[in-house]
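Reader: Please take me through one part of this model in detail. I want the helix packing and the charged side chains that go with it.

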Amino acid sequence: MSNQNTGVMGAWSRFEKKYPKASKWVREGGLFVIVSNLITVMKYCILQFLPAAFAWLGDASFGWPGIPLTMFGETFEWNILGYDQAHGGLGYFCAYMVAMIIGEVINFPIQRNFVFRSKGKLGPQIAWYCVAFFFITCIVNSINCIWVAVAGLLVPDYIYNIGTAVLNGGVSMIVFFFVNKKIFPEGEAKK
(Lines give C-alpha, C1' and ligand atoms only; values in the text may rest on other atoms or scores of the structure.)
Protein backbone atom coordinates (compact mmCIF):
# COMPACT_ATOMS: atom_id res chain seq x y z
CA MET A 1 0.00 0.00 0.00
CA SER A 2 1.42 3.27 -1.12
CA ASN A 3 0.66 6.41 0.79
CA GLN A 4 1.39 9.77 -0.84
CA ASN A 5 2.86 11.11 2.42
CA THR A 6 5.49 8.36 2.72
CA GLY A 7 8.56 7.53 0.75
CA VAL A 8 10.67 9.76 -1.44
CA MET A 9 7.77 11.60 -3.08
CA GLY A 10 6.16 12.34 0.28
CA ALA A 11 9.45 13.63 1.66
CA TRP A 12 9.93 15.79 -1.44
CA SER A 13 6.38 17.21 -1.12
CA ARG A 14 6.98 18.13 2.51
CA PHE A 15 10.35 19.72 1.64
CA GLU A 16 8.79 21.62 -1.27
CA LYS A 17 6.03 23.04 0.95
CA LYS A 18 8.39 23.95 3.78
CA TYR A 19 11.19 25.38 1.58
CA PRO A 20 9.73 26.46 -1.79
CA LYS A 21 12.74 28.52 -2.91
CA ALA A 22 15.28 25.86 -1.94
CA SER A 23 13.21 23.12 -3.58
CA LYS A 24 13.10 25.13 -6.80
CA TRP A 25 16.93 25.41 -6.79
CA VAL A 26 17.26 21.68 -6.09
CA ARG A 27 14.78 20.72 -8.86
CA GLU A 28 16.33 23.09 -11.40
CA GLY A 29 19.88 22.20 -10.41
CA GLY A 30 19.24 18.46 -10.55
CA LEU A 31 17.47 18.59 -13.91
CA PHE A 32 20.10 21.00 -15.24
CA VAL A 33 22.92 18.60 -14.32
CA ILE A 34 21.13 15.61 -15.86
CA VAL A 35 20.35 17.42 -19.13
CA SER A 36 23.82 19.00 -19.30
CA ASN A 37 25.54 15.65 -18.81
CA LEU A 38 23.43 13.99 -21.50
CA ILE A 39 24.31 16.85 -23.88
CA THR A 40 27.99 16.46 -22.94
CA VAL A 41 27.90 12.75 -23.86
CA MET A 42 26.28 13.65 -27.18
CA LYS A 43 28.98 16.30 -27.84
CA TYR A 44 31.67 13.72 -27.11
CA CYS A 45 30.16 11.28 -29.62
CA ILE A 46 29.99 14.00 -32.25
CA LEU A 47 33.52 15.23 -31.50
CA GLN A 48 34.92 11.73 -31.71
CA PHE A 49 33.82 11.21 -35.31
CA LEU A 50 33.26 14.67 -36.80
CA PRO A 51 36.92 15.69 -37.29
CA ALA A 52 37.14 13.14 -40.12
CA ALA A 53 34.35 15.03 -41.92
CA PHE A 54 36.52 18.17 -41.84
CA ALA A 55 39.73 16.44 -42.96
CA TRP A 56 39.41 18.15 -46.35
CA LEU A 57 40.28 21.43 -44.59
CA GLY A 58 43.64 20.00 -43.69
CA ASP A 59 45.42 20.82 -40.48
CA ALA A 60 46.35 24.42 -41.28
CA SER A 61 46.82 26.50 -38.15
CA PHE A 62 43.78 28.52 -37.31
CA GLY A 63 43.65 30.52 -34.15
CA TRP A 64 43.91 33.73 -32.28
CA PRO A 65 46.09 35.08 -30.67
CA GLY A 66 48.57 32.25 -31.41
CA ILE A 67 50.97 32.78 -28.51
CA PRO A 68 53.73 30.13 -28.48
CA LEU A 69 53.87 28.13 -25.22
CA THR A 70 55.86 25.14 -24.03
CA MET A 71 54.42 22.91 -21.32
CA PHE A 72 55.62 19.45 -20.32
CA GLY A 73 58.00 19.49 -23.28
CA GLU A 74 55.26 20.22 -25.82
CA THR A 75 55.39 23.48 -27.78
CA PHE A 76 52.08 24.72 -29.11
CA GLU A 77 50.15 27.90 -29.82
CA TRP A 78 47.83 29.11 -27.10
CA ASN A 79 44.63 30.40 -28.64
CA ILE A 80 41.40 31.79 -27.29
CA LEU A 81 39.78 30.51 -30.47
CA GLY A 82 41.22 27.83 -32.71
CA TYR A 83 44.06 25.31 -32.70
CA ASP A 84 47.57 25.18 -34.08
CA GLN A 85 48.56 22.86 -36.93
CA ALA A 86 50.00 20.12 -34.71
CA HIS A 87 46.73 19.85 -32.76
CA GLY A 88 44.17 19.76 -35.52
CA GLY A 89 44.14 23.30 -36.83
CA LEU A 90 41.09 24.53 -38.73
CA GLY A 91 39.61 21.06 -39.26
CA TYR A 92 39.54 20.20 -35.55
CA PHE A 93 38.27 23.68 -34.64
CA CYS A 94 35.38 23.36 -37.12
CA ALA A 95 34.48 19.92 -35.75
CA TYR A 96 34.70 21.25 -32.18
CA MET A 97 32.46 24.22 -32.96
CA VAL A 98 29.88 22.14 -34.83
CA ALA A 99 29.67 19.72 -31.87
CA MET A 100 29.31 22.59 -29.40
CA ILE A 101 26.68 24.44 -31.48
CA ILE A 102 24.60 21.30 -32.08
CA GLY A 103 24.71 20.63 -28.34
CA GLU A 104 23.57 24.14 -27.46
CA VAL A 105 20.81 24.18 -30.10
CA ILE A 106 19.39 21.07 -28.41
CA ASN A 107 20.20 22.28 -24.89
CA PHE A 108 18.55 25.71 -25.15
CA PRO A 109 14.89 24.67 -25.57
CA ILE A 110 15.18 21.84 -23.04
CA GLN A 111 16.70 24.13 -20.39
CA ARG A 112 14.29 26.97 -21.17
CA ASN A 113 11.07 25.00 -21.36
CA PHE A 114 11.58 21.94 -19.18
CA VAL A 115 14.22 22.76 -16.57
CA PHE A 116 13.56 26.46 -15.89
CA ARG A 117 9.93 26.49 -17.14
CA SER A 118 10.40 29.92 -18.67
CA LYS A 119 7.85 31.63 -20.86
CA GLY A 120 9.97 34.78 -21.20
CA LYS A 121 10.54 36.69 -24.43
CA LEU A 122 12.32 34.28 -26.76
CA GLY A 123 14.32 36.83 -28.79
CA PRO A 124 16.19 38.40 -25.86
CA GLN A 125 16.71 34.96 -24.29
CA ILE A 126 18.30 33.64 -27.49
CA ALA A 127 20.47 36.75 -27.76
CA TRP A 128 21.74 36.50 -24.16
CA TYR A 129 22.28 32.75 -24.54
CA CYS A 130 24.38 33.35 -27.67
CA VAL A 131 26.45 36.03 -25.91
CA ALA A 132 27.03 33.68 -22.98
CA PHE A 133 27.90 30.83 -25.37
CA PHE A 134 30.49 33.02 -27.14
CA PHE A 135 32.24 34.05 -23.91
CA ILE A 136 32.08 30.57 -22.39
CA THR A 137 33.45 29.09 -25.63
CA CYS A 138 36.40 31.52 -25.56
CA ILE A 139 37.19 30.58 -21.96
CA VAL A 140 36.83 26.86 -22.55
CA ASN A 141 38.75 26.87 -25.83
CA SER A 142 41.64 28.77 -24.25
CA ILE A 143 41.88 25.99 -21.65
CA ASN A 144 41.16 23.23 -24.16
CA CYS A 145 44.01 24.17 -26.50
CA ILE A 146 46.40 23.52 -23.59
CA TRP A 147 44.59 20.28 -22.71
CA VAL A 148 44.67 18.96 -26.30
CA ALA A 149 48.39 19.71 -26.66
CA VAL A 150 49.45 18.16 -23.36
CA ALA A 151 46.99 15.23 -23.31
CA GLY A 152 47.90 14.42 -26.92
CA LEU A 153 51.38 13.50 -25.68
CA LEU A 154 50.04 10.94 -23.23
CA VAL A 155 46.81 9.42 -24.53
CA PRO A 156 45.03 8.67 -27.82
CA ASP A 157 42.46 11.10 -29.21
CA TYR A 158 39.42 9.16 -28.03
CA ILE A 159 40.65 9.64 -24.46
CA TYR A 160 41.51 13.33 -24.71
CA ASN A 161 38.20 13.94 -26.48
CA ILE A 162 36.51 12.68 -23.30
CA GLY A 163 38.50 15.30 -21.41
CA THR A 164 37.54 17.93 -23.98
CA ALA A 165 33.85 17.10 -23.65
CA VAL A 166 34.00 16.95 -19.85
CA LEU A 167 36.00 20.18 -19.63
CA ASN A 168 33.65 21.97 -21.98
CA GLY A 169 30.60 20.48 -20.29
CA GLY A 170 31.84 21.11 -16.76
CA VAL A 171 32.87 24.73 -17.18
CA SER A 172 29.85 25.46 -19.35
CA MET A 173 27.55 23.76 -16.87
CA ILE A 174 28.69 25.84 -13.93
CA VAL A 175 28.57 29.15 -15.79
CA PHE A 176 25.43 28.38 -17.79
CA PHE A 177 23.43 27.39 -14.69
CA PHE A 178 23.72 30.91 -13.31
CA VAL A 179 23.28 32.49 -16.75
CA ASN A 180 20.15 30.40 -17.30
CA LYS A 181 18.77 31.32 -13.86
CA LYS A 182 19.02 34.94 -15.00
CA ILE A 183 17.81 34.72 -18.60
CA PHE A 184 15.11 32.07 -18.05
CA PRO A 185 12.84 33.47 -15.34
CA GLU A 186 10.10 30.99 -14.50
CA GLY A 187 6.61 31.74 -15.75
CA GLU A 188 5.16 34.24 -18.16
CA ALA A 189 7.09 37.15 -19.64
CA LYS A 190 6.68 40.43 -17.81
CA LYS A 191 4.52 42.88 -19.71
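Author: Helix 4 and helix 5 cross in a right-handed sense. This is a predicted model. Helix 4 covers residues 122-154. The axes of helix 4 and helix 5 come within 9 Å and cross at roughly 155°. The cut-off for roughly antiparallel is over 145 degrees. Helix 4 and helix 5 are therefore roughly antiparallel to each other.

Now take helix 2 and helix 3. Their axes lie 9 Å apart, at an angle of about 155°. That makes helix 2 and helix 3 roughly antiparallel. Helix 2 passes helix 3 in a right-handed crossing.

Next, the salt bridges. The count comes to 4. One of them pairs Glu 186 with Lys 24. The closest N and O atoms of Glu 186 and Lys 24 are 3.2 Å apart. This pair links distant parts of the chain, 162 residues apart. Lys 24 sits in helix 2. Glu 186 sits in the loop between helix 5 (157-183) and strand 4 (187-188). Lys 24 has a relative accessible area of 28% and is partly exposed.

The side chains of Glu 28 and Lys 181 meet at 2.5 Å, N to O. Glu 28 is in helix 2, Lys 181 is in helix 5, and 153 residues separate them. With a relative accessible area of 1%, Glu 28 is buried. The cut-off for buried is under 20%.

A further salt bridge joins Lys 43 and Glu 104. Their closest N and O atoms are 2.8 Å apart. Lys 43 lies in helix 2 and Glu 104 in helix 3 (residues 89-115), so the pair ties together parts that are 61 residues apart in sequence. Lys 43 and Glu 104 are both buried. Salt bridges that share partners join Arg 27, Glu 28 and Lys 181 into one network.

Arg 27 belongs to helix 2. At a relative accessible area of 16%, Arg 27 is buried. A polar atom of the Arg 27 side chain lies 2.9 Å from the backbone oxygen of Val 115. Val 115 is also among the residues that Arg 27 touches, leaving aside residues up to four places away in sequence. The others listed with Val 115 are Trp 12, Phe 114, Arg 117 and Glu 186. Glu 186 is the residue that forms a salt bridge with Lys 24.

One more residue of helix 2 deserves a look. Ser 36 lies in this helix, which spans residues 20-49. Ser 36 has 8% relative accessibility, so Ser 36 counts as buried. Leaving aside residues up to four places away in sequence, Ser 36 touches Gln 111 and Met 173.

Glu 28 of helix 2 is linked to Lys 181 of helix 5.

Conventions: Residues are numbered from 1 along each chain as its sequence is written. This is a predicted model: local features need pLDDT of at least 70, side-chain atom pairs count only at pLDDT 80 or more; totals for chains, interfaces and linings use all residues. Side-chain values use heavy atoms; hydrogens and water are left out. Helices (H or I, at least four residues) and strands (E, at least two) are DSSP runs, numbered from the N terminus. Buried means under 20% relative accessible area, exposed over 50%, partly exposed in between (1.4 Å probe, protein chains only). Contact means heavy atoms within 4.5 Å. A polar contact is a pair of N or O atoms within 3.5 Å; within protein, one must be able to donate a hydrogen and the other to accept it, and residues adjacent in sequence count only if both atoms are side-chain atoms. Axes are lines fitted to C-alpha atoms, for helices over the stretch in contact, and angles run from 0 to 180 degrees between N-to-C directions. Angles under 35 degrees count as roughly parallel, over 145 as roughly antiparallel, 65 to 115 as roughly perpendicular and the rest as oblique. A crossing is left-handed if the near helix is turned anticlockwise from the far one by less than a right angle, and right-handed if clockwise.
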